[in-house]
Amino acid sequence: MADKYVPGELEAKWQRTWAERGLFRAADLPGADKFYLLEMFPYPSGRLHMGHVRNYAIGDVAARFHRMRGKAVLHPMGWDAFGLPAEQAAMERQLDPKQWTFDNIDEMRRQLKLLGLTYDWDRELATCVPEYYRWEQLVFVRMLERGLAYRRKSLVNWSDALQTVLANEQVIDGRDYKLGEPVVQRELEQWFLRTTAYAERLLAGVEALAGAWPERVLLEQRARIGKSHGTEIRFPLEQPAGGTSELLVFTTRPDTLFGVTFMSLAVEHPLALELARGGGRESEVRAFVDRTRNDLRRMRADELTKDGVFTGAYCTNPATGGRVPIFIANFVLMDYGTGAVMAVPAHDQRDFEFARKFELPIKVVIAPPDGTRLDPATMDCAYVEEGRQVNSAQFDGLPNSEGMQRITAWLAERGQGGATVSWRLRDWCVSRQRSWGCPIPVVHCAACGVVPVPEAELPVVLPPDLAFDVRGGNPLARHPTFPNIACPKCGGPGRRETDTLDTFVESSWYFLRYCDPQWDQAPVRHDRVAAWMPVDQYIGGIEHAVGHLMYARFYHMVLKDLGFLPASVPDEPFARLLTQGMVCKETYFTPDENGNPVWHYPEEVEDGKSKVNGAPVTVGRIEKMSKSKRNVVGLEAFVERYGADTARLFTLFAAPPEKDLEWRDEGVEGCWRFLARVWRITNEAAEAVRAAPATLPPGELPPRWQALRRLVHQTIRRVTRDIDGRFHLNTAVSAIMELTNALADAGVPEAADPARSDCGPEPAGDPTAGPAVRREAVLTLLRLLSPFAPHLCDELWQRIGQTGTVLEAGWPAFDEAAAAEEVLTVVVQVLGKLRGQLRVPPDATREQVVERAQAEPNVARFLEGKKIVKTVFVPGKLVNFVVK
C-alpha cells in the first residue's frame, strides 16, 4: 500500500478483517459489566445520504469506547420494515412490497457497512417477516383478553379515491396527497390500545428518568400525559346519543357551574356527529368538522378565529336544571379533559368571544371581591379573577376557591359528578387500513362478535398475492380468500380483520428482540433480556419524543405485566437517551409557473442558473437534508472521495451531537487534511516508535518530554470524560487535534534547530526518555482517535509494530500525577472585571493566592481606597474581589 493516505484501500481491508474475525459479535450472556448501545432502527427507504450518517457515527463512537474499556457491548441493527412507503411503491410500480423492502434493506446494509460500524450483524432483524410479527399478534391477543385492546368508533380522514384512512400529514388543503381528491371525515370502527391505563406509571417513569433523558423530551412527555386535578360533571342529554344519556365534562372551575350557558365539543368528540343526527343538523356539522380538521392541520387551535356550529341538541345543567345548547367549537381540544367543555362566557375569554359572536346568554356567577357589580350587557371581556360566588343558589357569598370544593362535594353527593383526575393522554389508535403491516389477529362473526385467532393458529400471515391498485383501497380487504374464514368459536362463517397494526407497534419492542432474535418459543428469551436490558444508551431524533418513545415505554410495561419479561427487567427500557440534531444544508430552487419552488441538486446549478430549465437559481434556506429538497450529500459518493473515516469525523466534530450540524465543504476538507496529517506524522515516526522502549526510564524527565507526557495524560482524561456519558464528541476531537499538534512538534530532531527558538540541545539525562514518551504519545493518539476514525488507526497501529487492532488494545488510562500542571494560571478580577493573572503552583493555598493577587500592581490600583466585602476564590482558576 502506498505511503500516501488512500482511504478506500485501507478501509476495505480493515472492514474485511473485522468481519472475518467477528470482532463485533456480542456475547449471548454478558457479565455484569455490559453496555447495550442502540440507535433507533431505520426504515429501509433506499439509499443513504450524509444526513443519516450522524446518528450511526455517534453511536459507534460510544460502542467502540465502551468495548475498549472492557465492557461486553451489544450494538445491533435491524429494519423497521412495514409501512406506507412500500405500499405506495407497490401501487406506483406494480411491485411486490416485500421485494421492494428487501431490495432496499440489501442496499442500505451494504452502504452502512462502508462506514465500518460495529454492528453485530448476526442479530439483524426485519419487522415485516412472520417470525417477528407473530409475537406481536400473540401480545395483541393477550391484551384483548385483559381489556387492554378494544374496538370503538373514531373519526378519521377518509379518502374515497384511495379507499383508505390518511394520517393528518397526508392531507393537504382538504385533499389527499396522492391524487388531490377530497378527503372527508368518516366514523370507522378502529382498534385501540389502552395507554390511559398506564398514565400514572408513565408519568412516574418520566420523573425517574430526570437527568438521564433530555429535559425537552421529558417536558414533552409530561405535557402529553397531562395530569390535571379537577371535577367531573355529568350533564344529562335531552335525547340519548351514541349509546349514552349524558355528556361528561372535566373542569378545573366547578365554581362556575351555575354560569354555564352553552356546551362546546371538540370536532373529534365521538358524540359530535351523533348529536347532530339527532338534532337534524348532520350536514352542517359534518361540513364544519371537515373544514376545521383541515384548518387544524395547518395551524394551532389558538391561532384560529373562534368559530362553531350548533348541533341542534341540548343537555341539562345539573345545578340549575336549565336547558344548555350543544355546539361544536374549533378551539376545543379532544386531548384535554373529555373533549367537552362547559362554557361559562362570563368567566372565560374564549367562551365570552364565542357567546358574543353567536348571541348566547352570559351569566355572572363570580363577583369581584370589592363588590363591583358586573353587568353581562356591558362587559367587554370575561372576569377571570378570584371573587365571591353569586347567582349560585346555596353557595352565594362563598369565596370561589371554597366554592370549588363545596360544589364538587355537592355533585358527588347527588351522583352528578365529583373530584377526579384527568389525563391528556389518549388511548393509542393502532388500526391502519393498509396491507403492508402486521395483520390484526381477530375474526368478526355475526353470532359471536369479535373472536381472537387461537394462539396455536398464529401467525396470521399476509397473503403473497396481494393486488395493488392506486384506487383500489386496502388489498387485504379485496383479497379473494384472506378475509373469509370460519369463526374459531362457533365454526360459522366469519371475516378476518383486514386492518393492520400501526408500525409503531413493531418499533415498540424490537430492542428486546435483539437480545435473541432467533428465539422461537416466545417474543423474548428471559435469560437474555435479563442479562442485557435495559438499553444503556439510546440515540435518535427529537421528533420521536412523544411518539415512538412514549409507545415503547408503554408497550414495555405491558409486556412485563403480561409475563413476557422477567420481573428483574426495569420498567423503563432506555436508561439514557441522546437526541441528536439534524444535518442541514443550503437549498437551491427555481419557481414554476405557479411560483412554487422546483428544487435542484447543487450539481444542477451552474453560473447561478439551472441546467434543467435555464432559469435563475435562488439559494434557499439552510434546511434538514432531504431527498425531496434535493440538498443531500450521497453517502457512497462521499466515501469514495474522502473515505468513511472523514465522513464519521466531520459529522462528529462539526457540532455538538445534540445540536443541528450545518454542512460546510470546507469543514469536510479540514477533517480530511487532519487525518492525512495523522497518517503522515505516524508513518514518519513509525520506525522510531518500533525501536523505542516500552517503559519510561527512571527519574525525572527532561522538561520538553515532561510537557508532552503531561499533555498526553491530560488529553486522555479530557477525551475519556467527554465521551463517557457526556457525548461532548466535538470537544474530544478538538483535544485529539491539540495532541497531534504537540506530537508533530515533538518529532523535531533533538539537536538544536535554528528555525525554532524553543529548541536547544536536549538536557543531559537518559537518552531513551524522548523516544519512550513519543512512543506513548503515538500509541495514545491512535487509541483516542480510533472510535472516530477506526480504519486509519488500525492501519497505523499495524505500521508502528503493534499486533491485533486498536479496539483490542483497549482504552488508555490517565495518570493524574502525570497530568498535573506544574503551574496554574489564576485569573484575578475586581468586581467581575479582569485586572490581572497569576501563575501559581497547583498546591498553593487560598491564603497564598489571595495575598499574591492583592499584591499584583494593576490589581492593587483598583483596590486602593476600597473596602473588600467579599473574596470569591475558585481553586486553580479565579480570585474575584467584591469591593465598595
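How many cavities of 30 Å³ or more does a search of the whole structure find? The search finds three, a cavity being a set of points on a 1 Å grid over the protein atoms alone where a 1.4 Å probe fits but cannot get out. This is a predicted model, where local features need pLDDT of at least 70, side-chain atom pairs count only at pLDDT 80 or more, and totals for chains, interfaces and linings use all residues. Residues are numbered from 1 along each chain as its sequence is written, and side-chain values use heavy atoms, with hydrogens and water left out.

**Second largest cavity**
- Its lining (residues with an atom within 4 Å of a point) consists of Glu136, Val139, Phe140, Met143, Leu193, Leu501, Val505 and Tyr555.
- Helix 5 (residues 130–146) supplies the largest share of that lining, four residues; helices are DSSP runs of H or I, at least four residues, numbered from the N terminus.

**Nonpolar cores**
- A nonpolar core is a set of buried Ala, Val, Leu, Ile, Met, Phe, Trp, Tyr and Cys residues joined through side-chain atoms within 4.5 Å, where buried means under 20% relative accessible area (1.4 Å probe, protein chains only).
- The largest one has 182 residues, and Tyr36, Met143, Phe511, Leu785 and Phe788 have the most contacts inside it.
- Helix 18 (residues 665–691) gives the most to this core, eleven residues.
- A second, separate core of 56 residues includes Leu247, Cys315, Ile328 and Ile407.

**Leu398**
- Leu398 counts as buried because its relative accessibility is 13%.
- The C-alpha atoms of Leu398 and Ile366 are 9.7 Å apart.

Terms used. Buried means under 20% relative accessible area, exposed over 50%, partly exposed in between (1.4 Å probe, protein chains only). On a 1 Å grid over the protein atoms alone, a cavity is a set of points where a 1.4 Å probe fits but cannot get out, and a pocket is an open set with protein on both sides within 12 Å along at least five of seven lines; lining residues have an atom within 4 Å of a point. Grid points are joined across faces, edges and corners, and a volume is the space filled by probe spheres set on the points. Helices (H or I, at least four residues) and strands (E, at least two) are DSSP runs, numbered from the N terminus.
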